[in-house]
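Q: Could you walk me through how this fold is put together?
A: Gladly; let's have the model on screen and then take the topics one at a time.

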Amino acid sequence: MYTTVEDAIEWIHSRKKFGTRPGLSRIERLLLLCGQPQETFPTIHVAGTNGKGSTVSFLRALLAEQGLDVGTFTSPYIERFHERIQINQTFISDKDLLELINQIVPIVDTLDQDPALEGITEFEILTACAFLYFAKQQVDVAVIEVGLGGLYDSTNVITPRVSVITTIGMDHMDILGNTLEEIAYQKGGIIKSNVPVIIGNVVEPALSVLKQIATEKKAPLSCYGEEFTPVYEHADRQWGEWWTFEYEQGRMKELYIPLMGRHQIENASVALAAFLTYCQQMKLNPREKEIRRGLKNAYWPARMERLSTQPLIVVDGAHNEHAMARLVENSQKEFPAHKIYVLFSALETKPVDAMIDQLLEIPNSEILLTTFDFPKALTLKESLCDRAPKRLSLVSLWQVGLGELLEKMQEDDLLLITGSLYFVAEVRAFILTLMEEEHD
């Protein structure tokens, strides 16, 4: 048994990140031995290539306005390991996390003796911890984010009240497949028989795959651009977006979200469609003013998040081509008159060259490529700068690069920190610490 939460978390990290044998047999047996906690509370299940975290955040805020105790299980973490498991935006405590891990350790040790079940992974253990915690705390509802894919993801042991698929893009191809159809099939694995499913802004041919799965499962379907549509109005003068939600029952005008970017309007509309479907399932009667308040209260770090206004510093975890395309689009639309300095790093497993090419589409930008202390972090090579030597440069220590860019900035310039969520989280924490020290 562990006596400190640090040692317990280290044990979790010592387990493999993903199972070498895909399937749900390990997590199903683990949860069976834990007493099937996932069956004691209603859930909403959220999958997708991008937009999952923001959609979870909007859902949490909307559900909270109904007076519900809302659990959320998300990954990866931005601020602290504990944030992956929350109730009402409060991270799980050291004490509770330590108790849960100590409860699970002997079960895992036992299962490791069975060749068919050995090797329970880090994410499977975290999934079990989340379900045990939500059951123990008797949450009214839990919003569960898929870790990777859907079909074989360890969260796919639940039968939710509503399933949500936000977007489909080319990511994790080594695991999920090399075509949009293959990836959509994996994401669509969370669709359950007769359970309503909400589908976001998904392009063909992925959309047809999801519709076919829903038809086969007799899952009632609501699609972006068909059963519901967000209509962009304008950016807020300070930060955020204004929009109108059109759906089969009517429309809600002049809705405000505090997250920047038109893609966040898409995420908010998916969350709102899922929320209204959940309310219908649970016979809740939300009022429009509660919906407005919920959307206004949504918070999700490191997604077009403004850390500072003077100088203007924005962080965004655009960690794949799909997310980077939206970031570039938002930068061009929201900051057309700004000189933009970019600090970028990513994992070697991502299409780094393509993401750099996308960043070069931002007019009037200079891009500083760097690396960070993380497995498979970007290896800096002079050849990375060959495509645009006047706009691309390298720095081995991101702290030095950050200082250089801040020195260059004029009053109306923007510093954009982007790429891997692990990188963005590290820089974000560093900047916030510096700002706190200056404030003190």
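**Cores and sheet**

Q: Which residues have the most contacts inside the largest nonpolar core?
A: This is a predicted model, and in it the largest nonpolar core has 42 residues, with Leu30, Ile104 and Phe134 having the most contacts inside it.

Q: And which elements give two or more residues to this core?
A: Those elements are helix 1 (5-14), helix 2 (25-33), strand 3, helix 4 (94-111), helix 5 and strand 5; the largest share, 10 residues, comes from helix 5.

Q: What is isoleucine 104 in contact with?
A: If its neighbours within four places in sequence are left aside, isoleucine 104 contacts Trp11, Leu30, Cys34, Ile125, Ala128, Cys129 and Leu132. There is also a second, separate core of 36 residues, and Val46, Leu59, Ala61 and Phe245 are among its members.

Q: OK, switching to the sheet: what is the strand order?
A: The sheet is open and built from eight strands in the order 4-3-2-5-1-6-7-8, with mixed pairing. Strand 4 (90-91) and strand 8 (221-223) each have a single partner strand, so one side of each lacks a neighbour in the sheet.

Q: How many bridges join strand 2 to strand 3?
A: Three bridges join strand 2 (residues 70-73) and strand 3 (residues 85-87), which run antiparallel, and glycine 71 has isoleucine 87 as its bridge partner in strand 3.

Q: Where does helix 5 pack?
A: Helix 5 (residues 122-137) packs on the sheet, where it touches strand 2, strand 3 and strand 5 (141-145), and its direction makes about 15 degrees with that of strand 3.

Q: What about helix 8, which strands does it lie across?
A: Helix 8 (residues 206-217) lies across strand 6 (162-165), strand 7 (197-199) and strand 8, and runs at about 160 degrees to strand 8.

Note on methods
Residues numbered from 1 in each chain as written. Predicted model: local features only at pLDDT ≥ 70, side-chain atom pairs only at ≥ 80, totals over all residues. Heavy atoms only, no water. Pairing = 2+ DSSP bridges. Helix = DSSP H or I, 4+ residues; strand = E, 2+ residues; numbered from the N terminus. Contact = heavy atoms within 4.5 Å. Axes fitted to C-alpha atoms, helices over the stretch in contact; angles between N-to-C directions. Core = buried A, V, L, I, M, F, W, Y, C linked by side-chain atoms within 4.5 Å. Buried < 20%, exposed > 50% of the residue type's maximum accessible area, 1.4 Å probe, protein only.
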